[in-house]
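Colleague: I have just opened this one. Could you take me through it?

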Amino acid sequence: MKTVLITGASRGIGAAAAERFAQAGYQVVLNYLHSAEKAQALAARWPGRALAVGADVADPAQVQAMFDAAEEAFGGVDVLVCNAGFAAQKLFTDVTDGEWRRMLDVHLSGAFYCCRRALPHMIRQKWGRILTVSSMWGQVGGSCEAAYSAAKAGLIGLTRALAKEEGPSGITVNCVAPGVIDTDMMAGFSADDRAALAGEIPLGALGTPGQVADALVFLAGDGAGYITGQVLGVNGGLVV
């Protein structure tokens with residue numbers, strides 16, 4: 001039985017991914033930072049096959065401890081999903097040094113720390129899957145989201161470079177770039193705003209966390225074994 005570790009798994013895309021991977025028969029390690037109760041409630045749905053572990057992925061020592069806990073429970077991590085992150089809308093000239101650093105530390109450095117810790121096991125067994133969760137803004141840039149766009153673009157670069165480096169070890173590295181997804185990040189939008197957003201999307205609707213999770217499970221599976229270094233847009237045709 002393969003083990004997947006999903007960062008930022010207590011809500012939204014991460015929680016949907018945990019559910020889909022569990023349904024597909026994986027042992028699931030759910031990382032969380034603030035939402036311990038939600039993560040633990042999710043893990044309780046799959047007794048003996050799921051573990052909730054608190055860690056700030058921006059801290060390499062906490063990442064080390066998280067992987068130690070995962071390995072103690074299930075052995076090495078076979079599939080890593082780097083999903084932890086947050087959104088922030090702000091004029092570029094108003095972004096503080098601390099806000100810039102935190103954005104890069106969580107999205108990009110967090111993925112670096114997790115990949116670095118996961119790879120030795122994958123290399124030893126000559127098999128592994130690394131999946132990063134970027135954003136359409138990492139592909140095209142978003143006004144008032146320069147820091148977020150830069151961090152997500154960095155994930156795409158990391159994905160493509162790591163895919164070339166780790167391919168000879170039987171490890172694939174791919175990226176999913178969601179579009180406008182109906183998560184709690186959309187909670188501040190009115191019904192009219194949501195309808196206007198949906199009207200700009202060729203498929204005419206906001207995406208769901210489950211649709212992104214389905215893409216992640218596919219890329220982790222044997223059927224995607226010859227796909228690496230790719231960015232899969234789950235955006236309803238908004239970015240092509």
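This is a predicted model: local features need pLDDT of at least 70, side-chain atom pairs count only at pLDDT 80 or more; totals for chains, interfaces and linings use all residues.

Colleague: Is V133 buried or exposed?

Modeller: V133 is buried; its relative accessible area is 3%.

Colleague: Which residues is V133 in contact with, leaving aside its neighbours within four places in sequence?

Modeller: The contacts of V133 beyond those neighbours are V81, C82, N83, K152, L155, V176, P178 and L216.

Colleague: And how far apart are V133 and S35?

Modeller: Their C-alpha atoms are 20 Å apart in space, and 98 residues separate V133 from S35 in sequence.

Colleague: Let us turn to the helices. At what angle do α4 and α6 pack?

Modeller: The angle is about 15°, and the axes of α4 (residues 97-125) and α6 (residues 146-166) are 8 Å apart. Angles under 35 degrees count as roughly parallel, so α4 is roughly parallel to α6. The crossing of α4 past α6 is right-handed.

Colleague: Which residues meet there?

Modeller: From α4, the residues are W100, M103, L104, H107, L108, A111, F112, C115, L119 and I123. From α6, they are A147, Y148, A150, A151, K152, G154, L155, L158, L162 and E166. By class, the residues of this contact between α4 and α6 comprise 16 nonpolar, 2 polar and 2 charged. K152 and L155, on the α6 side, are also among the residues in contact with V133.

Colleague: What about α3 and α4: how do their axes cross?

Modeller: The axes of α3 (residues 60-74) and α4 cross at roughly 40° and come within 10 Å. That makes α3 oblique to α4. This crossing, too, is a right-handed one.

Colleague: Which residues make up that contact?

Modeller: P60, V63, Q64, M66, F67, D68 and E71 of α3 meet Y113, C114, R116, R117 and A118 of α4. The contact of α3 with α4 has 7 nonpolar residues, 1 polar and 4 charged.

Colleague: Now the overall picture. How many helices and strands does the protein have?

Modeller: There are 8 helices and 7 strands. The C-alpha atoms fill a box of roughly 50 × 35 × 35 Å along the principal axes.

Colleague: Does its radius of gyration agree or disagree with that of a compact globule?

Modeller: It agrees, because a compact globule of 240 residues would have a radius of gyration near 18 Å and the protein has 17 Å. Buried residues account for 49% of the 240 residues.

Colleague: What share of contacts join residues at least 24 apart?

Modeller: The share is 70%, among contacts between residues at least 6 apart in sequence.

Methods
Residues are numbered from 1 along each chain as its sequence is written. Side-chain values use heavy atoms; hydrogens and water are left out. Axes are lines fitted to C-alpha atoms, for helices over the stretch in contact, and angles run from 0 to 180 degrees between N-to-C directions. Helices (H or I, at least four residues) and strands (E, at least two) are DSSP runs, numbered from the N terminus. Angles under 35 degrees count as roughly parallel, over 145 as roughly antiparallel, 65 to 115 as roughly perpendicular and the rest as oblique. A crossing is left-handed if the near helix is turned anticlockwise from the far one by less than a right angle, and right-handed if clockwise. Contact means heavy atoms within 4.5 Å. Ala, Val, Leu, Ile, Met, Phe, Trp, Tyr, Cys and Pro count as nonpolar, Asp, Glu, Lys and Arg as charged, and the others, Gly among them, as polar. Buried means under 20% relative accessible area, exposed over 50%, partly exposed in between (1.4 Å probe, protein chains only). The radius of gyration is taken over C-alpha atoms; the globule rule is 2.2 Å times the number of residues to the power 0.38.
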